[in-house]
Amino acid sequence: MKKFANTFFLFIILFSYLLVVSSCNKSRAKDIKIEKTVKKTVIAASKTGIKRHDIDTVEYNKRMLALSNNDTSGKWPVKTPYPLPGAILPYNRIIAFYGNLYSKRMGVLGELPKNEMLKKLQSEVTKWQKADSSTKAIPALHYIAITAQGSPGNANLHRMRMPFKQIDTIMNWAKSINALVFLDVQVGHSNVKDEVATLEPYLKLSNVHLGIDPEFSLKNGEIPGTKIGTFTADDINDAIDILVKIVRENNLPPKVLIVHRFTQGMVTNYKKIKTVPEVQIVMNMDGFGSKILKKSTYLRYIYREPVQFTGFKLFYKNDNKNGWQMYTPEELLKFTPKPIYIQYQ
């Protein structure tokens, strides 16, 4: 009888819940449908194998000091709040492939066939693991989920949002190799708040993180691609605020936020960028060219304006032309500070 009563009670709760859901307006119903579709497609991919442990502050400080590579300027390591349990950084080095499925020109992720691309990514992870055995190297797919456009589009905002089914494809590819996923945003004439908000159903998953690109944020009406854009600290903080809310409401480990940069003007007021336990910020050196030029860019805009962690982008094509050679893992590990996020395009 007790078992029957419990079953009946659960049935009543479920029935009441269904009645509440059915009474929602059409807009809310659409959001629920989208979110359920996303979760159904990718929920298994949220198990990344990253251990969710309490932060050992002694170990954390030791790793941050090692990343600083004996910096004597006092800039590195940056003093920030300790992250929430389950933090990816600095315990892992993220090795990411970047691109978009609509274009073979935007990066290796969309250029190569799936199996060839994933095999190449795993090969790069192995190289990094061999170069630095003290930090676990883990794979990631960094997907441009919102791309800047030369044409204004229906919304007159010079940006195009990728369909969810395309993002689902990336999620499934990531699942097959136990990789993280980064969704990258190029706002065009829109703004960080509005564009990142559209990706919240994915960002609620523990293995999905965010990238934002100032290069394609044109605040004065210029056409994307004709001028290098900019983010203020406020723009970056808008992304951080969204991620903080998602982490708190869904009891998630910290999110990683990648901010691309290769000029002084791409990021302004860097000292006002928030550092919080819920978000780990990586300033990613995004330029291509000779080794001398790239190192100079890293020193000018990443090293001299410290935020939290650093990243470095490598271009298979543009770093290897004109007699140039792409940096090796061993060479990048000599940088101060050592990049903890490596992106291949």
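The face of helix H5 turned away from its buried side carries the exposed residues Asn-115, Lys-119, Thr-126 and Lys-130 (exposed means over 50% relative accessible area, buried under 20%, partly exposed in between, with a 1.4 Å probe and protein chains only). This is a predicted model, in which local features need pLDDT of at least 70 and side-chain atom pairs count only at pLDDT 80 or more, while totals for chains, interfaces and linings use all residues. Residues are numbered from 1 along each chain as its sequence is written, and side-chain values use heavy atoms, with hydrogens and water left out. Helices (H or I, at least four residues) and strands (E, at least two) are DSSP runs numbered from the N terminus.

**Helix H5**
- H5 spans residues 114-131, and its 18 residues reach 26 Å from first C-alpha to last, close to the 26 Å expected at 1.5 Å a residue (the expected span is 1.5 Å times one less than the number of residues).
- Its buried residues are Met-117, Leu-118, Leu-121, Glu-124, Val-125 and Trp-128.
- These buried residues line one face of H5, because they fall within an arc of 120 degrees seen down the axis (the arc is that of the directions from the helix axis to the C-beta atoms).
- The cover over the buried residues of H5 includes strands E1 (92-99), E2 (136-148) and E11 (341-344), and helices H4 (108-111), H6 (164-176) and H11 (329-332).

**Ile-95 in strand E1**
- Ile-95 lies in strand E1 and counts as buried at 0% relative accessibility.
- Leaving aside neighbours within four places in sequence, Ile-95 is in contact with residues including Leu-121, Glu-124, Val-125 and Trp-128, and also Ile-342 and Tyr-344 (contact means heavy atoms within 4.5 Å).
- The C-alpha atoms of Ile-95 and Ile-340 are separated by 8.6 Å, although the two residues are 245 residues apart along the chain.

**Helix H10**
- The buried residues of H10 (residues 291-303) are Lys-294, Thr-297, Tyr-298, Tyr-301, Ile-302 and Tyr-303.
- They cover an arc of only 160 degrees around the axis, which puts them on the same side of H10.
- Strands E7 (255-261), E9 (279-285) and E10 (309-314) are among the elements that cover the buried residues of H10.

**Thr-80**
- Thr-80 sits in the loop between helix H3 (57-68) and E1, and is buried with a relative accessible area of 18%.
- Leaving aside neighbours within four places in sequence, Thr-80 is in contact with Tyr-60, Thr-275, Val-307 and Gln-308.
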